[in-house]
Structure formats: C-alpha cells, structure tokens
Amino acid sequence: MSRWWTETVAALGDVVPLPLAALILLAVALLVALGWYFFPAWIPRRLPRLGLPRWRRPRLPRFRLPRLRRRARRPRTDPPPVRLPAPRLPEPAAAGLGPADRLAAEGRYAEAVRERLRDMVRLLVVRHVVEPRPGLTVVELTEAAARTRPQVRPTLHAAGAIFSDLWYAQRPATAEHDRRMRELATDLSRELTGEEPR
C-alpha cells in the first residue's frame, strides 16, 4: 500500500508540481465545503428541459355518473360579533384603607410599600397618565408619567427610590418607609386630582 502511494505521488509530481497539486486539492476542498455549507441553495429548483419528445399517455374514455341536482347553498351568516365591555381598572385603594394598611399592621412593611406603589400605578393608569404595560420598571414609569404630567416626577422618583432600596437592595423595611410611602401616595393623589384621598 505504501509503495503504491509513493509511486502515485511520484508520477503525479512528474506531471504537476507538488505545490500546485496541493493548491488544487485545497481549492477543491474549499469548493466542497462551500457547497456543503450552502446546500441546497445552489441546487436548481427545476432541472433543465432536454429537447427530447415527451411521451403522452393515450386518453381513455371516462365513465361519467349522472349528475345529481345539488341543493342551493344558503349563504353563511356569521352571528354578529359580541362586543365585550372594556375592562375597568379598579380605583386605587384609599390611603387609609386597603391591603397596604393591613400589611403594615402585620409588620410586613416591604410588602406594604409594594402595595402602595401598586396603588400609585393604578391611580396613574385610571387618570390616563400612563398606559398599562406589564413589566414596566419604576424608572420607566417615572419617565412615562413625567412626560404627561411633569409635576409628578419628584413624587414618583422618591417612591421608586424607597421601593428599589427595599426590594432590589434588600434593605430591611421599617414603619418609617411605610409612613413615607403613604405620604407620597397622598401627594400623588393631590397632584393628579387636586384633592386628598379619603
């Protein structure tokens, strides 16, 4: 086997210089790799037609069944679309009543702060200050609300800072955080409606 290989390489070297043969082999390998990578894009969708005559199958007589009279189809009428009423967002809980106060009374101040922030977001949505969008961050919420009502930026920024400290920075929540968040909710309600929440 090795003698055959040596003689074949020597015979090839007599006809084509070995560096050129290596270059040709490299080019062929590159073409095969490109063909493999782009397969089947390089294959034509239709084979070219040759100018050979086509054989046609002789037509056989068809046996036809007598036609039956079909009933005229009634036009299909879809039922009228049912219009659902637009979902109503619940009014934000009043600052003195609601789940946030229950959570604060239980000593769960971080959850109470989160619930007060949710009430603030509900108020912004109900007053059409921001569009309801799931996954909105506190910073995005502040920016979206400030575009419509610039006066709410400081209030929302302060509320977002408290929320971020407690939920993202994992700082321990205290009653002072809840009290401050209640004040910010009252301020936001006053800035949006002109009246204090009950």
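Start with helix 4. Select its buried residues and see what surrounds them: they pack against helix 3 (99-105), helix 5 (138-148), helix 6 (153-167) and helix 7 (175-193). Packing here rests on contacts, meaning heavy atoms within 4.5 Å. Helices (H or I, at least four residues) and strands (E, at least two) are DSSP runs, numbered from the N terminus.

Before going on, a word on what you are looking at. This is a predicted model, in which local features need pLDDT of at least 70 and side-chain atom pairs count only at pLDDT 80 or more, while totals for chains, interfaces and linings use all residues. Residues are numbered from 1 along each chain as its sequence is written, and side-chain values use heavy atoms, with hydrogens and water left out.

**Zoom out**

Color by secondary structure. Of the protein's 198 residues, 22% count as buried. Buried means under 20% relative accessible area, exposed means over 50%, and partly exposed is in between (1.4 Å probe, protein chains only).

Now pick helix 1, residues 2-15. How many of its 14 residues are buried? The count is zero, and helix 1 is hardly covered.

**Along helix 4**

Back to helix 4, residues 109-126. Try the distance tool on its end C-alpha atoms: they are 25 Å apart, which agrees with the 26 Å that 18 residues should span at 1.5 Å a residue. (The expected span is 1.5 Å times one less than the number of residues.)

Which residues of helix 4 are buried? Select A112, V113, E115, R116, L117, D119, M120, L123, L124, V125 and V126. As you look down the helix, keep this in mind: an α-helix has 3.6 residues a turn, so residues three or four places apart point the same way.

Stop at R116. Is this arginine buried or exposed? R116 counts as buried because its relative accessible area is 4%. Show side chains and you'll find its partner: the side chain of R116 makes a polar contact with the side chain of D178, at 2.7 Å. A polar contact is a pair of N or O atoms within 3.5 Å; within protein, one must be able to donate a hydrogen and the other to accept it, and residues adjacent in sequence count only if both atoms are side-chain atoms.

Next, click R108, in the loop between helix 3 and helix 4. R108 is partly exposed, at 37% relative accessible area. Its side chain makes a polar contact with the side chain of E111 (2.5 Å).

In soluble globular proteins, nonpolar side chains tend to be buried together. Here the largest nonpolar core has 23 residues, and those with the most contacts inside it are M120, L124, V130, M181 and L188. Helix 4, helix 5, helix 6 and helix 7 are the elements that give two or more residues to this core, and the largest share, six residues, comes from helix 4. A nonpolar core is a set of buried Ala, Val, Leu, Ile, Met, Phe, Trp, Tyr and Cys residues joined through side-chain atoms within 4.5 Å.

Select L124 and show its neighbors. Leaving out residues up to four places away in sequence, L124 touches V129, V130, L141, A145, L156, L188 and L192. Two of those sit on the list for helix 5, whose buried residues include L141 and A145. The buried residues of helix 5 pack against helix 4 and helix 6.

**Where two helices cross**

Hide everything but helix 4 and helix 6. Their axes come within 10 Å and cross at roughly 145°. Axes are lines fitted to C-alpha atoms, for helices over the stretch in contact, and angles run from 0 to 180 degrees between N-to-C directions. Among the residues making the contact are L117 and M120 of helix 4 and A159 and F163 of helix 6.

**Two loops to finish**

Most residues other than glycine have a negative phi, and most peptide bonds are trans. Now click H128, in the loop between helix 4 and helix 5: its phi is near 60°, a positive value. H128 counts as exposed because its relative accessibility is 68%.

Last stop: Q170, in the loop between helix 6 and helix 7. Phi of Q170 is near 60°, and Q170 is exposed, with a relative accessible area of 63%.
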